[in-house]
Structure formats: C-alpha cells, structure tokens
Amino acid sequence: MNQSTWKFLQILSACSFLLIAEAAISNEDENLKRLTKPQSAINFGAGYLANDNARFGQYSGLRNEGPYGIFNVDITKRDENTGTWLKLLGRNLGLQNRDIRFEHTKQGHWSYFIDFSQTPRYEPFTAVTAVTGIGSAHLDVPTSPATGEPAQLKTERQAISFGMNRVLPGNFELQFHFRNEEKDGSRIFGRGNRLGAPIPGVVGGYEFLPEPINYSTRQFGGTLNYNGKDLQLSGGYYGTLFVNKNTALYTTGGSSAGGIYAPNQFSPIALPPDNQSHQLFLSGGYSFNPTTRGTFKAAYTRA
C-alpha cells in the first residue's frame, strides 16, 4: 500500500467517524426534543363491522353489523419556564369501552389527575323469557308456560378517579387517591332446586330470574413518604366501601310443583351484602452500609 492510498484511508475513516458521531448526537437531540417539546395527536375515523358477533363485542359494544366511530386524543403541553405539564389522553371515545384522563404536573412540586372510564359487559346469549320487571328487585314469574320476549342482559361500569401528589420540605411527599365505581344492569341468575328432587316423588326445577345489579364501590386512601439518604418510610391509610342498593330479590308467581322444594318458595333471595375495610400500614427500610440493608412492613386491617 503506497503512502497516498494510506492517507486516503485515514481521511475516509475520520469522515466515517464524524458521520457516526453526528448521527448519534442528532438522535440524542431528537430524544431530548421529544421530552422537552412533546407533540400532540388527534386520531379520528370510522370502521365497519361486517357481521354480527356477540363474543367480539362483549366488552366493547361492537356486537351488531354496521359502522362505528374511531376517536382518540393525546394532547401534551409543557411550559418551559415553570416545568409544568398538561396532558389529556382519550381512548376509544367513539366506542362504549371509553376512557379519558387529565393530568397536571409541576415537576418536583405537585401533580394531580382526574380519570373517567366506562366498560360494558354484554351477555353473549339472548334470553327469551316471560319474566317481567327485569332490571329491578321485584320480578313477576308466570305460573304457567307463557310466550316470552327476547331480553338482552348487560351490565355497565362507570368509574371516576382522582389523585394528587405534593412534595413537602424535609424529603417528605404526600399522596392521596379516590375512586368511585358504579355498576348497573342485570345478569343471568335463577332460583329453585336441582332437576330430580332429593325426596322420591317430589319434582324440582329451576326458574330463570335476572339478577339486578346496582353496585357502588369506593376506594380511597393517603400515603406520607419520607426519602432520606439512609432511611425511607411510607405510611398511610387505605379503605374500601361496597354498597349494594338491592338487598334482596323479591318475586311473585312461579312454579309451585315440588311442595317445599318448589321454586316459588325461594323468595326473597339475599343479594351480595354491603361491606367495608380499613387498613393502616407502615413500611420502610434503612441502609446500614453500602452492602447491608434492613426492611420492614406492618399493617392493621379491620373489615
């Protein structure tokens, strides 16, 4: 290899290195730009379901053939002077299983969010029944065979959540959260004895009774954290509260065949009872040295 060729290869290698370094710096700048100057997006359109499909749309509502809307939002804003972020995230806003979330954050100081979600649950089977009063806690069952009508049973959850975070002086941080969920509708249920009675000569059977759903579920709590150089602590409270607005299912009518085992003897029927729980907790850890650390967790719960 002559001297001129060697110098050419050296220059070529140096140029290649500069190009690679410039590309790496460009990628770093692009990643930094995404973090400091975020972009927003709004997606909208339409779709079409070619065939009815009860299973496919069990939790989205896309059950019947036809068009449906597509709408999503992802809006993010940042104030460079204050380090404050605003975020709005929405998913499936054109469908029944939608959710939307708003966040407001000042880095290193405070943050809070509000969140709403909705989730349906369709029974994949269509019930043909002559029972009336579906959706309420008072049902009427025919005493003799009757022509029924199709009934589409479904439930729907709607939940709203709120949370906040505040950084306090002295390495302390306070967190709080609350969630309320409402569930309404009706689902497949029944009453009666097994087919084929336990006593010879007694006829048993089942009767279709849609169970009314009207639940409220609340979750709430707060946490105080301490993050020191060697010691970290986290203590607080967590609670839950469940309320069923229907304490029992009352029915009139129904089959009297089977004596004391007849389906119409099973009324009222108790439904899930109200309940609540409360917990106090404290956990933490301490670093004795770079290679030794101790941790603990204690909690007291009453339900």
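# A sheet, a core and some charged pairs

Glu207 has a relative accessible area of 11%, so this residue counts as buried. Keep in mind that the model you are looking at is predicted.

- Phe102 stands opposite Ile114 in E5.
- In general, the strands of a sheet pair through backbone hydrogen bonds.

- Side chains of opposite charge can pair when their charged atoms come close.
- Glu207 and Arg191 form a salt bridge through their side chains, at 2.8 Å from N to O. Glu207 sits in strand E12 (residues 206-208) and Arg191 in strand E11 (residues 190-192), 16 residues apart. Arg191 is buried too, because its relative accessible area is 3%.
- Glu211 and Arg187 meet in a salt bridge at 3.1 Å, N to O. Glu211 belongs to strand E13 (residues 211-227) and Arg187 to strand E10, so their pair ties together parts 24 residues apart in sequence. Glu211 is buried at 6% relative accessibility, whereas Arg187 is partly exposed at 33%.
- Lys245 and Glu182 form a salt bridge at 3.5 Å, N to O. Lys245 is in the loop between strand E14 (231-244) and strand E15 (248-253), while Glu182 is in strand E10, 63 residues away. Lys245 is partly exposed at 45% relative accessibility, and Glu182 is partly exposed at 24%.
- Arg101, Glu103 and Asp115 are joined in a network of salt bridges.

**Around Gly185**

- Gly185 lies in strand E10 (residues 172-187) and is partly exposed, with 26% relative accessibility.
- Leaving out residues up to four places away in sequence, Gly185 touches Lys154, Thr155, Glu211, Pro212 and Ile213.
- Arg121 is 64 residues from Gly185 in sequence, yet their C-alpha atoms are 9.4 Å apart in space.

**The nonpolar core**

- Seven residues make up the largest nonpolar core: Val131, Leu139, Val141, Leu209, Leu249, Ile269 and Leu271.
- Beyond residues up to four places away in sequence, the contacts of Leu271 include Glu211, Pro212 and Leu249.

Terms used. Residues numbered from 1 in each chain as written. Predicted model: local features only at pLDDT ≥ 70, side-chain atom pairs only at ≥ 80, totals over all residues. Heavy atoms only, no water. Helix = DSSP H or I, 4+ residues; strand = E, 2+ residues; numbered from the N terminus. Buried < 20%, exposed > 50% of the residue type's maximum accessible area, 1.4 Å probe, protein only. Contact = heavy atoms within 4.5 Å. Core = buried A, V, L, I, M, F, W, Y, C linked by side-chain atoms within 4.5 Å. Pairing = 2+ DSSP bridges. Salt bridge = Lys/Arg side-chain N within 4 Å of Asp/Glu carboxyl O.
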